Amino acid sequence: MTYLNLPVGEVIEQGLDLSELAVKELLDSFIDREFSGYIVNTIVGHSGIEEGGFLYRQGVLVGAFFEYFSNGVTFVGDYSLQHVFNSFAAPKGVVD
């Protein structure tokens, strides 16, 4: 299992219910605000708990990761983008 050591800065939002979240608007707001930081999405997927995230620098998406905990598989970079975007469509999840 891989653990990303992301520093904790100022928490903007925590524990948002994925089923009630306007994902596109949230992601667009990071660009508009020139956000630097990360967003992490933890979901209940087909094979258990999955987690993915985007890293931003001044509103520009600069990195992505996705992990399938039950399989011990982590994807990073371009290959992880589709996994992260797909995870936002999950019926159960939390976004920080």
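Biologist: In what order do the elements of the protein run from the N terminus on?

Modeller: The predicted model contains two helices and six strands. Read from the N terminus on, these elements follow the order β-α-β-β-β-β-α-β.

Biologist: What is the radius of gyration of the protein, and what does the globule rule give for 96 residues?

Modeller: Along the principal axes, the C-alpha trace spans about 35 × 25 × 25 Å. The protein is as compact as a globular protein of its length, because its radius of gyration is close to the value from the globule rule. The two values are 13 Å for the protein and 12 Å from the rule.

Biologist: What share of the contacts with a separation of 6 or more comes from residues 24 or more positions apart?

Modeller: Contacts here are heavy atoms within 4.5 Å. Of those contacts in the protein with a separation of 6 or more, the share from residues 24 or more positions apart is 44%.

Biologist: Why do the buried residues of helix 1 line one face of the helix?

Modeller: In helix 1, residues 23-32, the buried residues are Val23, Leu26, Leu27, Ser29 and Phe30. Viewed down the helix axis, they line one face because they fall within a limited arc. On the other side, Lys24, Glu25 and Asp32 are exposed.

Biologist: Against which elements do the buried residues of helix 1 pack?

Modeller: The residues concerned include Val23 and Phe30. Their packing partners are strand 2 (37-45), strand 3 (48-57), helix 2 (78-87) and strand 6 (93-95).

Biologist: Does Ser29 count as buried or exposed, and which backbone oxygen does its side chain reach?

Modeller: Ser29 lies in helix 1. The cut-off for a buried residue is under 20% relative accessible area, and Ser29, at 19% relative accessibility, therefore counts as buried. At a distance of 2.6 Å, its side chain reaches the backbone oxygen of Leu26.

Biologist: Which residue in the hairpin of strand 4 and strand 5 takes a positive phi?

Modeller: Strand 4 (residues 60-68) and strand 5 (residues 73-76) run antiparallel and are joined by four bridges. Tyr68 has Val73 as its bridge partner, while Glu67 stands opposite Thr74. Four residues lie between the strands of this hairpin, and the one with a positive phi, near 65°, is Gly72.

Biologist: Which residues have the most contacts inside the largest nonpolar core, and which element gives the most to this core?

Modeller: The largest nonpolar core has 19 residues, and those with the most contacts inside it are Ile39, Phe54 and Phe88. Two or more residues come from each of helix 1, strand 2, strand 3 and strand 4. The element that gives the most, with four residues, is helix 1.

Biologist: With which residues is Phe88 in contact, leaving aside its neighbours within four places in sequence?

Modeller: Phe88 is among the residues with the most contacts inside the largest nonpolar core. Apart from those sequence neighbours, its contacts are Leu18, Val23, Ile39, Asn41, Phe54 and Val95.

Key. Residues numbered from 1 in each chain as written. Predicted model: local features only at pLDDT ≥ 70, side-chain atom pairs only at ≥ 80, totals over all residues. Heavy atoms only, no water. Buried < 20%, exposed > 50% of the residue type's maximum accessible area, 1.4 Å probe, protein only. Arc of directions from axis to C-beta. Pairing = 2+ DSSP bridges. Core = buried A, V, L, I, M, F, W, Y, C linked by side-chain atoms within 4.5 Å. Polar contact = N/O pair within 3.5 Å; in protein donor to acceptor, adjacent residues only side chain to side chain. Rg over C-alpha atoms; globule rule 2.2 N^0.38 Å.
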